[in-house]
Amino acid sequence: MTTSVCSTIKTANTRIRATTSQTAKPLTPLSARRRPQILKSSLPLLLPAVVLMCQLQQFAGGGGGYALAMTVPASESAPAPASSSGPLSSLSTSPLRALNRTRRVQKRHGGSYISFKERFHLELNSSVLDWSNGCGGNWTGPLAEEPLVRPQKRCAKHKKLLRNLQNKTGRELRQLKAENKLRHPVNSIMAPDTSANQAIDISQRNRWKVQSGQYNFLPRLNVSATPNLPLRRVHHDLQFYVAAFSYLRHAQLHFDYEFLRKQSVLSSELARYRTSARNILCFVEEAINATNILYAPSQKHSKHRGGKMQLLGRIKTVPRLPMEKRLMRFKTPLVELHKQALLAASDKPAAMPREPHQLDALFLKYQYIQYLKQMTQLLARQRKRNCISTSHSTKKAPKSPRIKFPQRRPKGT
């Protein structure tokens with residue numbers, strides 16, 4: 001009986017005439033065929049044997065195991081599904097749905113999607129200082145075989161370096177000002193993190209201008225008293241701005257991680273300004289390195305010094321402890337909140353986070369934009385000066401010939 005059932009279903013799927021008897025029967029439409037009648041009493045006994053035989057036939061190449069399951073009535077072929085209150089229901093609802101949702105998001109983003117929790121752990125577990133090596137390279141000084149610039153052309157080359165630095169700084173400043181005009185300020189921490197919102201509004205700075213004296217420690221440039229732009233001092237000041245934006249962001253990220261489970265608008269804006277400060281830091285490092293090449297000593301002087309090239313204006317990175325000592329002057333305890341955020345990122349017990357002080361972010365953003373404005377002004381003034389060759393300025397005037405007067409003879413000779 002099982003052989004006739006399997007052969008009948010197999011020929012029904014392949015649409016080939018085949019029966020158990022030798023007599024040929026005309027094929028009937030699939031919808032008009034009747035399913036074989038099986039007694040309900042013998043179904044519990046026959047069903048396991050039939051399924052086993054059809055599976056063996058399927059592994060042998062017959063492919064009739066799946067067809068047999070289709071011949072059995074739907075109401076009798078399989079047991080009723082388990083209720084939603086069973087023990088397997090809890091395993092197949094929320095975890096599987098979350099996994100499928102994550103897979104769909106990763107597929108939508110090309111496999112590069114990282115959750116907020118993973119980004120929080122990756123950013124805070126990094127041992128590299130955020131204000132070190134803004135460009136990401138390792139400059140070792142001018143090469144020995146690199147041609148040196150003649151002293152007559154150094155002034156023109158130097159002005160070109162200053163012009164490039166002024167253009168890059170001015171472009172970054174214009175971009176920040178344009179974003180401030182396009183973005184709308186939001187006061188709620190639950191506001192969505194989109195390209196149209198910002199959390200630090202400096203347009204109404206007259207309201208909190210009275211407390212500007214408490215933030216005199218923020219770096220600034222005196223345009224009227226400074227004739228030239230000191231590149232090494234600017235490099236030192238920009239490291240402080242990168243560190244301040246980074247520590248404020250870490251404190252806010254810890255608050256977002258504990259209470260919001262997503263990145264807030266303030267954290268996103270602090271990340272943008274940290275990236276901006278790192279870009280300007282990289283531009284200044286490039287200018288310092290180019291200046292080192294421009295004013296590198298000649299090979300004759302280097303031979304007298306043991307064959308080593310002397311580096312002018314070597315780039316220095318501020319260590320963590322001196323930087324954190326300066327960061328402690330903010331109203332927000334940035335150093336302590338940063339330590340608690342590191343503990344939370346390492347899955348260790350940490351204190352409950354709190355939001356940074358509002359005035360810290362306001363004055364930091366405003367003074368950073370003012371610093372970029374002062375940089376462009378000093379670069380424009382320094383670049384307008386004419387190049388004067390030192391050979392003509394230090395050349396001495398020809399001496400006039402001395403006139404010899406005749407000596408008078410003494411009287412009485």
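**Figure 1. Helices α8 and α13 cross in a left-handed manner.** A crossing is left-handed if the near helix is turned anticlockwise from the far one by less than a right angle, and right-handed if clockwise. The model is predicted: local features need pLDDT of at least 70, side-chain atom pairs count only at pLDDT 80 or more, and totals for chains, interfaces and linings use all residues. Residues are numbered from 1 along each chain as its sequence is written, and side-chain values use heavy atoms, with hydrogens and water left out. Helices (H or I, at least four residues) are DSSP runs numbered from the N terminus. The axes of α8 (residues 231-260) and α13 (residues 358-383) come within 11 Å and cross at roughly 155°; axes are lines fitted to C-alpha atoms over the stretch in contact, and angles run from 0 to 180 degrees between N-to-C directions. The two helices, α8 and α13, are therefore roughly antiparallel, a term for angles over 145 degrees. Contact (heavy atoms within 4.5 Å) involves R233, V234, D237, L238, Y241, A244, F245 and L248 of α8 with D360, A361, L364, K365, Q367, Y368, Y371 and M375 of α13. By class, eleven of these residues are nonpolar, one is polar and four are charged. Ala, Val, Leu, Ile, Met, Phe, Trp, Tyr, Cys and Pro count as nonpolar, Asp, Glu, Lys and Arg as charged, and the others, Gly among them, as polar.

**Figure 2. Helix α8 also packs with α9.** Their axes are 9 Å apart, at an angle of about 160°, and α8 and α9 are therefore roughly antiparallel. The crossing of α8 and α9 is left-handed. Their contact has 18 nonpolar, eight polar and six charged residues.

**Figure 3. Helix α9 (residues 265-294) and helix α7 (residues 154-182) cross at roughly 175°.** Their axes come within 10 Å, and α7 and α9 are therefore roughly antiparallel. Residues of α7 in the contact include R154, L161, E172 and N180, and those of α9 include R272, F283, E286 and L294. The contact of α7 with α9 divides into ten nonpolar, six polar and seven charged residues.

**Figure 4. The second largest pocket has a volume of about 500 Å³.** A pocket is an open set of points on a 1 Å grid over the protein atoms alone, where a 1.4 Å probe fits, with protein on both sides within 12 Å along at least five of seven lines; lining residues have an atom within 4 Å of a point. The volume is the space filled by probe spheres set on the points. Of the 21 lining residues, V186, N187, A199, I200 and Q358 are the closest to the pocket centre. Helix α13 gives the largest share of the lining, three residues. The lining has eleven nonpolar, seven polar and three charged residues.

Note on methods. Parallel < 35°, antiparallel > 145°, perpendicular 65-115°, else oblique.
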